[in-house]
Amino acid sequence: MFISRFAPSPTGLLHLGHAYSALLTQNLVTRNSGTLHLRIEDIDITRCTPDFEKQIYRDLEWLGVQWESTPLRQSEELSVYKNSLKQLVDKGLVYGCDCTRSDIKKALSAPNNLANDGSAMVYPGTCREKNLSLDNQNVRLNLLKSKNYLETNYINFSEQGIGPNKENGNQIFEIGWLEKKYGDFIIARKDIKTSYHLAVTIDDAKQKITHVSRGNDLFHVTPIHVILQNLLNLKTPVYVHHPLITDKNGNKLAKSKGAESILSIRNSGTTIKEIRSILGL
Ligand SMILES: [Zn+2]
């Protein structure tokens, strides 16, 4: 069985990077006589619009991407995410955190803090023992307790595509490494009571995804998804990361950096055949 998905966010118009990912995923599914699902990642309600969502369907249809059944819309799954969060609460693996960004910065600049190498702002676990309510603040995963709960120091997943540093094959991660790199990350944001990481983990399980095909900018957060799968007794799919399409200067295409949309490429008279050839597909 081979089931994959394409999961755009309706926060803007799709560009060539999206087309590349969608067409690659469709090729992969076709080669394996599999199924392709569509998922609309619209939990960020302030940034998503119905017009962008409609345009996603039009663009994908025009590109010839075909998906099975009704798309899963994350905004309709909030109670499902809440149930999963409750499982983690019941296992005692999460805690509330009322730190602001500047609180975290302050804690990190304390001279006895060794958790941070200066490269990123890693949450130092300030609220772990505070027993704050989970209702009105961010909820974080306690990685120390998670490690004890899983009774293992390692998690792993199979990479059948290629990571940013050419990673391929069985990928093993120490939970301690995860803690150093990300700290106790947020799994439920105060406002939406879920997070990207929790939502995609649950959605992949719900849509019975066997192969997650996506850009390799998400390779480095895959261990976050894998530890959540382990804690929630969900199967870990195979991951098939692909390289990103870049602009002339080697930068990742982004809506925020003015990448040309599929809609405008289409309106300028470019054919799908030409798009496929630009993308090397
Ligand atoms: Zn905190």
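Colleague: How do β4 and β5 pair, and over how many bridges?

Modeller: In this predicted model, β4 and strand β5, residues 138–141, pair in the antiparallel sense, with four bridges between them.

Colleague: Thanks! Which strands form that sheet, and in what order?

Modeller: Three strands form an open sheet there, ordered β4-β5-β8, and the pairing is antiparallel. At the edges you'll find β4 (94–97) and β8 (186–188), each of which pairs on one side only. From one strand to the next, the twist averages 45 degrees.

Colleague: Let's move to β1. What is the strand order in its sheet, and is the pairing parallel or antiparallel?

Modeller: The order is β1-β2-β3, in an open sheet of three strands with parallel pairing. Its edge strands are β1 (3–6) and β3 (72–73), and each pairs on one side only.

Colleague: And what joins β2 to β3?

Modeller: Two bridges do; strand β2 covers residues 35–40 and runs parallel to β3.

Colleague: Which strands does helix α1 touch?

Modeller: Helix α1, residues 16–31, packs on the sheet and touches β1 and β2. The direction of α1 makes about 165 degrees with that of β1.

Colleague: How do the axes of α1 and α10 cross?

Modeller: They cross at roughly 90 degrees and come within 11 Å, with α10 being the helix of residues 272–279. Angles of 65 to 115 degrees count as roughly perpendicular, so α1 and α10 are roughly perpendicular to each other.

Colleague: Which residues meet there?

Modeller: From α1 you have L16, A19, Y20 and L23, and they meet I275, R276 and L279 of α10. By class, the residues of this contact are six nonpolar, no polar and one charged.

Colleague: Changing topic, what are the domains?

Modeller: The domain assignment gives domain 1 as 1–76 + 246–281 and domain 2 as 77–205. Taken over C-alpha atoms, the centres of domain 1 and domain 2 are separated by 28 Å.

Colleague: How many residues are in contact between domain 1 and domain 2?

Modeller: Six residues of domain 1 are in contact with six residues of domain 2. The side of domain 1 that touches domain 2 has two nonpolar, two polar and two charged residues.

Colleague: Now the whole chain. How many helices and strands are there?

Modeller: The protein chain has 10 helices and 10 strands.

Colleague: And what box do the C-alpha atoms fill?

Modeller: Along the principal axes, the box is roughly 60 × 40 × 35 Å.

Colleague: What does the radius of gyration say next to a compact globule?

Modeller: The two agree: a compact globule with 281 residues would have a radius of gyration near 19 Å, and the protein chain has 20 Å.

Methods: Residues are numbered from 1 along each chain as its sequence is written. This is a predicted model: local features need pLDDT of at least 70, side-chain atom pairs count only at pLDDT 80 or more; totals for chains, interfaces and linings use all residues. Two strands pair if DSSP finds at least two bridges between them. Two residues are in contact if their C-beta atoms, placed from the backbone, lie within 7 Å. Axes are lines fitted to C-alpha atoms, for helices over the stretch in contact, and angles run from 0 to 180 degrees between N-to-C directions. Domain bounds come from an automatic or database domain assignment. Ala, Val, Leu, Ile, Met, Phe, Trp, Tyr, Cys and Pro count as nonpolar, Asp, Glu, Lys and Arg as charged, and the others, Gly among them, as polar. Angles under 35 degrees count as roughly parallel, over 145 as roughly antiparallel, 65 to 115 as roughly perpendicular and the rest as oblique. The radius of gyration is taken over C-alpha atoms; the globule rule is 2.2 Å times the number of residues to the power 0.38.
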